[in-house]
Amino acid sequence: MPSDLSSLVHWILFLPLGAAALSALFLRRAGGLAAWLSTATAFIIAGLSLKLLTAGTADVTWHVELAKFGGISLGFGYLIDANARLMLFVVSFVAAWIHLFSVGYMKEDAARGRFFAGLSIFMFSILGIVVADNLLMTFIFWELVGFSSYMLIAHYFDKDYAAAASKKAFIVNRVGDLGFILGIAMCLSLYGTLDFTALKDHAAGAKAIPVAVGALLMCGFLGKSAQFPLHVWLTDAMAGPTPVSALIHAATMVAAGVYFMARVSFLLAPEVLHFIAISGASMAALAGLCALAQTDIKKSLAYSTLAHLGIMGCAIGLGHPELALMHMAMHAFFKATLFLGAGSVIHGCHHEQDMLKMGGLLKKMPLTAATFIAATLSNCAVPFLAGWYSKDAIIEAAFHGGHLAIFAFLSLAALATCLYSGRMIRLVFLGEANSEEAAHAHESPWTMTLPLVVLGLVYSVAGGFLAHAIIPAGSLQPIGKALGEIAFHLDAPSTIVGLISLAVGFFGALKFYGTVRGADALQVISPRVYHVLEHRWMDGLYRWYVDAVQRRLAEFIAFLDLLLINGVAVRWIGAGVPAVLGYLTGRSFHRGQTRAYALWIVLGSLFLAWFLIAR
Amino acid sequence: MDTFPATLLALAITAPIIVGLILLAGRDLPRSFASGFAFGGFAIPAVLGPWLLILWSNPSTTGQQFQSEGFWGFGFALNGLSAPLLAMTSLVGLAAGIKALTQEVEGRNTYLGLILFMLGGTLGVFGTNHLVGFYFFHEFALIPTFILTLFWGGEGRRPAAMQMAIYLTAGAMASLAGILIAIDVSGVDIGGATFVKVADGLQNAQQLPAATGALVLFGLGTLASLFPFHSWAAPGYSAAPTPVSMLHAGALKKFGLYGIILLGLSSLDITGGSLGTWFLWFAVANVLLIGLICLAQRDLKQLLSWSSVAHMGPIFLGIWVCGVSGKADGLDAAAFLMVAHGLSCAALFLLANAVRARAGTYRLDELGGLATRTPVLAALFIAATMASIGLPGFGNFWGEVGIFLALRAQPLWLQALVASTVVISAAYALRAVASTFFGPASEALEKRFASAPFGDLGWAERFAAFILLGASLTIGFVPSLITKSVNPVAAGVTTYSQHNAKAPAKAAPAAPAKR
């Protein structure tokens with residue numbers, strides 16, 4: 001139907017591309033202008049997305065064929081269903097405020113033009129994934145998201161760790177994409193189309209979906225959403241500026257995988273779902289515990305993100321993609337707030353990121369502290385806050401589905417969440433300042449605190465209360481349905497688990513981490529446990545593979561090539577023949593290559609002449 | 001047919017050759033005069049090439065599928081496959097020419113003249129429909145390539161030029177034998193041996209010597225660096241002066257692929273029987289083994305040279321799968337990648353040379369942190385790298401992904417081996433970017449900057465890089481620019497190849513390698 005709505009989508013999608021191109025080509029030295037251009041674009045997109053969200057519930061579709069390879073149509077088009085509307089709004093709204101935050105955060109940065117061009121190109125990429133109506137277009141923007149993330153992580157490219165982290169993120173994501181593209185090829189082979197709507201019809205008509213289809217498509221999700229075993233890039237990605245961590249590695253990019261899985265959930269066989277559920281739940285528990293052994297505030301938050309992604313993955317695996325999407329939306333708000341809050345703290349403490357050197361910031365940065373704590377409580381799933389609705393719904397779903405192992409893992413994850421949240425609050429905001437930087441901390445400017453207040457207070461807290469009221473019910477079918485399935489009962493298992501975790505975990509952590517000053521209490525008591533939770537072994541494993549296996553294999557093959565093909569073939573046969581000819585003609589080929597070549601041409605011409613005459 | 005496009009085509013091919021002759025004859029021409037002339041020789045085809053492509057894609061000008069008879073009595077002609085290749089060559093030629101004009105070399109006029117010859121010959125390869133003309137123009141372009149590498153090349157140029165000469169001559173001889181046998185069997189008079197006539201003749205031919213397909217495939221494959229006939233390529237490109245590397249690796253090399261498609265795939269059943277099996281494994285080796293060799297490189301230009309060999313793998317596989325599956329999609333994608341690879345590969349050679357001009361070395365362990373001093377160079381290099389590893393937005397993406405999709409009916413392990421290129425190429429390309437541009441500036445670089453301060457990329461080189469990357473972005477955003485022209489030819493070639501594969505009277509009965 002409405003063509004006017006599809007033109008709205010054109011604007012939403014291509015505005016940021018235009019802004020990025022302008023900034024990259026002309027505003028490299030006019031950083032301030034680029035910053036405001038990019039931010040204004042982001043707010044316009046948020047407005048347009050809100051308009052789309054409220055403009056009705058019918059699917060918006062639009063399609064054009066870019067080209068054809070044989071019988072394969074390379075299509076480009078939009079499919080805006082209820083999920084897409086919600087995702088568009090969440091992404092663009094959160095992103096707009098993060099843009100505003102960045103204006104303040106990056107004020108001193110010389111490469112602001114590049115940074116904001118990167119943010120805009122990222123917006124273009126992620127919005128493309130959201131609106132795409134076919135697998136190939138999803139893949140295109142999927143790759144572009146990988147690229148924008150690469151550029152933004154590499155923002156401080158003159159630092160070795162940023163160079164390494166950006167490379168790692170891109171390559172690990174590409175490992176996932178390898179499976180993804182094979183899955184796309186398999187869909188095309190089985191169903192003859194890449195279009196979501198057509199695929200859905202085929203899937204509904206088919207008896208069973210082959211496991212391989214879902215398993216391969218899932219690879220893309222494992223990479224982009226940082227699921228085990230491709231999760232290793234996410235924590236290193238904190239090398240980028242903090243707003244990037246907030247935007248990409250908390251709110252949107254990692255959510256793209258969840259969104260995509262929900263979009264193709266009809267292609268996932270039960271075996272695939274089961275795997276996602278188990279791996280998601282166990283990763284949620286493990287990552288939550290690992291967050292306890294990080295001293296860098298951003299790394300700790302990154303592990304927290306991993307844990308929540310595990311929970312979302314688990315929801316998809318349990319057959320509740322709508323719950324996963326809802327948690328994605330809620331998580332986007334409070335995790336963005338947490339990261340921006342961390343950014344504000346880092347900015348206030350003169351770029352100190354070590355939590356052990358902070359402390360007592362509640363008084364020095366009250367606004368930051370208030371929003372951070374509010375978002376933390378939402379993260380801990382305090383009843384009636386945003387995180388509670390979505391997370392407890394998933395835990396409840398696990399229990400009611402009879403998946404007790406998953407329920408146990410998720411409960412452990414809930415406890416871990418409360419533990420690391422309490423630890424973070426205790427170390428950063430309470431107690432005394434543990435360094436010069438923290439002692440002289442200052443509150444951040446309005447461009448940074450306003451987004452915190454809007455995202456944090458309005459959405460993590462009030463948004464939770466008003467989740468059904470503020471957004472028109474019709475366009476929010478996924479959330480409405482999810483909310484219908486859960487109600488607050490004191491005797492519901494998820495509520496019991498949640499309240500116990502909160503009491504034991506959160507308050508326990510507050511007390512426990514107050515016992516030692518300037519050091520981590522767990523590390524003091526049990527260095528061995530702390531070391532295990534630091535979670536370096538997986539990186540070690542990959543490093544071993546790259547250094548010991550891959551590089552040696554590459555060098556060995558290069559050596560073989562040199563020895564066998566180049567050495568034997570060229571020096572023996574290749575040089576042997578000319579040497580014989582050279583001997584016969586009485587001339588050394590090594591004296592003048594051009595002459596040698598001319599000889600060959602003459603021989604060739606003779607051959608040609610002979611051929612023509614003989615025939 | 002309208003003679004106007006034919007005139008344009010003839011002008012595009014002859015202009016660089018005539019200017020080249022003038023420069024060779026007038027070795028003492030004043031510098032500014034020679035520069036202006038040479039620029040004209042590079043620029044005229046660059047205007048005409050894309051123009052011809054647009055004319056060709058226009059439905060009112062085309063309408064003939066595989067055939068492209070008589071744009072001009074002289075034998076110049078375009079077809080849907082060669083039109084995009086000619087346009088690509090002309091743009092690579094302009095960029096290479098701009099690079100050459102900024103270089104300070106001994107015997108500058110001769111140097112420029114020879115590069116113009118090379119360009120004219122390469123344009124001629126794609127601008128003729130006659131098999132002998134096709135072969136002739138290739139040799140015409142190769143001779144200056146050897147001379148340029150030998151006299152103006154870099155480190156290790158003598159053995160590299162020697163090796164290249166032997167390989168390419170051997171390959172050319174083998175393919176010539178195959179071509180001549182094919183013409184003979186087809187019963188077409190050699191004076192009128194166009195691709196179409198020979199293919200038509202071979203459709204009805206009674207028997208074809210079994211080795212013909214192998215001679216053409218491996219002969220032309222050598223020129224396109226098919227494994228294991230690739231050893232000349234990496235040292236050859238590395239040792240050649242930059243404009244020559246750009247033209248050779250980007251454009252001239254596509255000669256082999258073009259011939260394999262129009263002669264081998266269409267008429268010689270190269271994907272059937274045991275020959276097809278060998279073809280498959282060699283192409284996979286191009287992707288995998290050469291990809292791994294790329295990972296072991298320690299030198300930026302060597303890496304680019306090797307990766308340009310590795311990127312031929314998917315193209316070969318696209319051609320292979322077209323013959324095996326009887327569907328045109330693989331060929332469409334392969335043709336797309338041929339064009340896109342020419343652009344990205346030339347851009348990388350151009351920019352890598354700019355790195356060397358500043359840092360004084362291609363060695364990755366001595367480079368580092370260049371992005372701080374030369375942000376524009378870094379940005380363009382990263383863009384070219386991203387193009388070459390198939391980032392969407394650049395043309396290479398469509399080619400690579402199209403080939404993966406075309407392989408969809410093949411066994412999964414084979415698809416996985418081929419698609420692993422997305423990981424391998426990202427690994428070596430990003431490693432090169434990181435060790436050249438990222439991290440703190442290396443000691444060697446700091447010392448060099450202190451003794452001989454250098455600036456960011458100059459305007460001429462920026463312009464050259466913009467042409468190449470701009471073209472790649474254009475076909476990345478509007479892929480129909482290429483596919484509209486290629487689709488009919490790909491469909492035609494596929495029909496011919498299927499007819500041949502199924503013909504009962506063939507010497508090698510065709511059981512397409514369904515593995």
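**Helix 19 of chain B and beyond**

Modeller: Let's start at a packing site. The buried residues of helix 19 of chain B pack against helix 6 (160-191) of chain A, and also against helix 12 (273-295), helix 14 (312-325), helix 18 (395-406) and helix 20 (421-437) of chain B. Helices (H or I, at least four residues) and strands (E, at least two) are DSSP runs, numbered from the N terminus. Two residues are in contact if their C-beta atoms, placed from the backbone, lie within 7 Å.

Colleague: Is this predicted or experimental, and how are things numbered?

Modeller: This is a predicted model; local features need pLDDT of at least 70, side-chain atom pairs count only at pLDDT 80 or more, and totals for chains, interfaces and linings use all residues. Residues are numbered from 1 along each chain as its sequence is written, while chains are lettered from A and ligands numbered from 1 in the order in which they are written.

Colleague: Back to helix 19 of chain B. Which residues are buried there?

Modeller: Gln415(B), Val418(B) and Ala419(B), in a helix that covers residues 412-419. Seen down the helix axis, the buried residues fall within an arc of 90 degrees, so they line one face of helix 19 of chain B. The arc is that of the directions from the helix axis to the C-beta atoms. Buried takes 20 or more other C-beta atoms within 10 Å of a residue's own; exposed is 12 or fewer, and partly exposed is in between, with C-beta atoms placed from the backbone.

Colleague: Pick a residue in helix 6 of chain B. What is Ala182(B) in contact with?

Modeller: Ala182(B) lies in helix 6 of chain B. Leaving aside neighbours within four places in sequence, Ala182(B) is in contact with Val198(B), Leu202(B), Thr212(B), Leu263(B), Ser267(B) and Leu268(B). Val198(B) is 16 residues from Ala182(B) in sequence, and their C-alpha atoms are 7.4 Å apart. Ala182(B) is buried, with 27 other C-beta atoms within 10 Å.

Colleague: Zoom out. How many helices and strands in chain B?

Modeller: Chain B has 23 helices and zero strands. Its radius of gyration is 22 Å, close to the 24 Å that the globule rule gives for 515 residues, so chain B is as compact as a globular protein of that length. The radius is taken over C-alpha atoms, and the rule is 2.2 Å times the number of residues to the power 0.38. Buried residues make up 69% of chain B.

Colleague: And chain A?

Modeller: Chain A has 27 helices and two strands. Of its 615 residues, 56% are buried.

Colleague: Is helix 16 of chain A enclosed or open?

Modeller: Largely enclosed by the rest of the structure, because 10 of its 14 residues are buried. Among them are Phe372(A) and Leu377(A). Helix 16 of chain A covers residues 366-379 and reaches 20 Å from first C-alpha to last, close to the 20 Å expected at 1.5 Å a residue. That expected span is 1.5 Å times one less than the number of residues.

Colleague: What is the mean pLDDT of chain B?

Modeller: The mean is 84, and 93% of the residues of chain B reach 70 or more. Over residues 61-74 of chain B the pLDDT is below 50. Residues 504-515 of chain B are also below 50. pLDDT is the predictor's confidence in each residue, from 0 to 100. For the complex, the predictor gives an ipTM of 0.88 and a pTM of 0.87.
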